[in-house]
Amino acid sequence: MGEKVVAGRFDLSDRQRYRDKLRRCLTGLERLLAEKRFDRPKNLMGLEIELNLAGTDGMPKMLNAQVLERIASRDFQTELAMFNLEVNIPPHRLGGRVFDRLAEELRTSLAYADRKAGEVDAGIVMIGILPTLDRDDLVSSNLSDVDRYTLLNDQIVAARGEEFTLDIAGVEHLSCTSKSIAPEAACTSVQLHLQVTPARFADVWNAAQAVAAAQIAVGANSPFLFGRELWRESRPPLFQQSTDTRPPELQAQGVRPRTWFGERWITSAYDLFEENLRYYPALLPICDDEDPLEVLDQGGVPNLAELVLHNGTIYRWNRPVYGIADGVPHLRVENRVLPAGPTVIDVVANAAFYYGLVRALAEEARPVWTRLPFEAAAANFDAACKDGIDARFTWPRRGRYGGTAQVDAVSLVRDELLPLAEAGLDAWGVEPADRDLYLGVIEERCRRRVNGASWQAATFHKALDAGHSREAALAATTRRYRELMHKGEPVHLWPVGSPEPVPLR
């Protein structure tokens, strides 16, 4: 959502002109790919984390403008709602002690932001969905005061033409409606970027799609919404439903949602951008003055502004990104699967697991996506979101017999994926000490069958059993989570429950 836009009205000619510009941008991208104009391999990774603001009582605080003013750093920026912030870590070259350096930068940035938030009686909470959020918190009046969010909300609401329906059946069942896209702001994630050459893009994207379910299984951290215990990772269904421009009739016709896993393995980054044009009408038909083909004819590098903006309104869990750095175009795979949190070491462990795994899988002689039906990868993703670390997946059999088999997520990660991730980190040139520390966190989560979601659920139920009301139990869980998050021990070591006394009745 990071593009700056100016709110305004669109007429019929704006949409036709935008469609024409999108086609010219796509042709420009095709030419850039054919002419091999993209950056050489640099092994660059990047990281963004969306954060929540909450008070000492565990309740959300609508104060991001005040907190950002105090932080006064370009590394921090607004997100969709007033209780959200985002921190961006500059790109790092994969190799050496990169993950330790990344962890130190994150600790420093988050501690500073938390101190500044404390000046207005708020604090930073790094969690997939803040358990104390209420429906009254997620209304359009609490969207950040930024033109692009207002305009995006107006366009999605207009495209849908009726209220959004949230219907998620998990441990409990949530069914409600919303007049705006504000519930999407409940979803706070970690976004992992990997710059890749066009020749490697498809392999890396396919690998990322194949392992998205495993990422969720070990990293789930969003079990609660509006006081209900839902899926272990409730962000994907919430994100899809809260941005769904399709009324029920279009859903019944099989029209694709704007938040989706995808439907096929790809052969080029071009495939994804072409799908964007083929399947999705523009939400923000804002045209740039640049003619991308004229720029190319003159030997320049086009910004492809319309293509970039349109791509930013289609919420793939692994999204292609076109960018320009120092006058040279590049491509990135943006992995948007993971929830934020629980701690810095957990976030960095999730990143190490992902970067190692996609490197190894992308270079396999018989890639997993040639042996796993895409429909199975999508079903695995849903299973991981529902069941977290207890999920079961369909996965290719090892050995000469081929085919697929059912396997539980923990066994798959421990027996097959962690060794691959280790080999991938070695291929990146990551120091063994870094590799072993952070992959060891993933291994311990598997051994103990603990992740952020399972800890939240267990602590919540322990508070209920101790006599707290449901609201008090969610608040106590959030306060304890925030306390342990700032202490920094990985979540598999967190004691279940809260030391708070049972309230007198």
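Visitor: Is the crossing of H2 and H3 left-handed or right-handed?

Guide: In this predicted model, the axes of helix H2, residues 64-71, and H3 come within 9 Å and cross at roughly 120°. That angle makes H2 oblique to H3. As for the hand of the crossing between H2 and H3, it is right-handed.

Visitor: Which residues in H3 do Val 67, Arg 70 and Ile 71 in H2 meet?

Guide: Two packed helices are described by the angle between their axes and the distance between the axes. For H2 and H3 the residues that touch can be named as well, with Val 67, Arg 70 and Ile 71 on the H2 side. Their partners in H3 are Tyr 112, Ala 113, Lys 116 and Ala 117.

Visitor: What distance does H3 reach from its first C-alpha to its last?

Guide: Helix H3 runs over residues 98-118 and has 21 residues. At 1.5 Å a residue the expected reach is 30 Å, and the helix comes close to that value. From first C-alpha to last, H3 reaches 30 Å.

Visitor: How many residues of H6 are buried?

Guide: Helix H6, residues 235-242, is mostly covered. The buried residues in H6 are Arg 235, Pro 236, Pro 237, Leu 238, Phe 239, Gln 241 and Ser 242. Of the eight residues in H6, the number buried is seven.

Visitor: Does Leu 304 count as buried or exposed?

Guide: Leu 304 is found in the loop between helix H9 (292-297) and helix H10 (305-311), and its phi is near 50°, a positive value in a residue other than glycine. Because its relative accessibility is 0%, Leu 304 counts as buried.

Visitor: Does Asp 326 count as buried or exposed?

Guide: Asp 326 also has a positive phi, near 55°, and its place is in the loop between strand S12 (318-325) and S13. Because its relative accessibility is 79%, Asp 326 counts as exposed.

Visitor: What is omega for the cis peptide bond that joins Gly 341 and Pro 342?

Guide: Pro 342 is found in the loop between strand S13 (328-339) and helix H11 (344-362). For the cis bond joining Gly 341 to Pro 342, omega is about -5°.

Conventions:
Residues numbered from 1 in each chain as written. Predicted model: local features only at pLDDT ≥ 70, side-chain atom pairs only at ≥ 80, totals over all residues. Heavy atoms only, no water. Buried < 20%, exposed > 50% of the residue type's maximum accessible area, 1.4 Å probe, protein only. Helix = DSSP H or I, 4+ residues; strand = E, 2+ residues; numbered from the N terminus. Expected span 1.5 Å × (residues − 1). Axes fitted to C-alpha atoms, helices over the stretch in contact; angles between N-to-C directions. Parallel < 35°, antiparallel > 145°, perpendicular 65-115°, else oblique. Left-handed = near helix turned anticlockwise from the far one by under 90°. Contact = heavy atoms within 4.5 Å.
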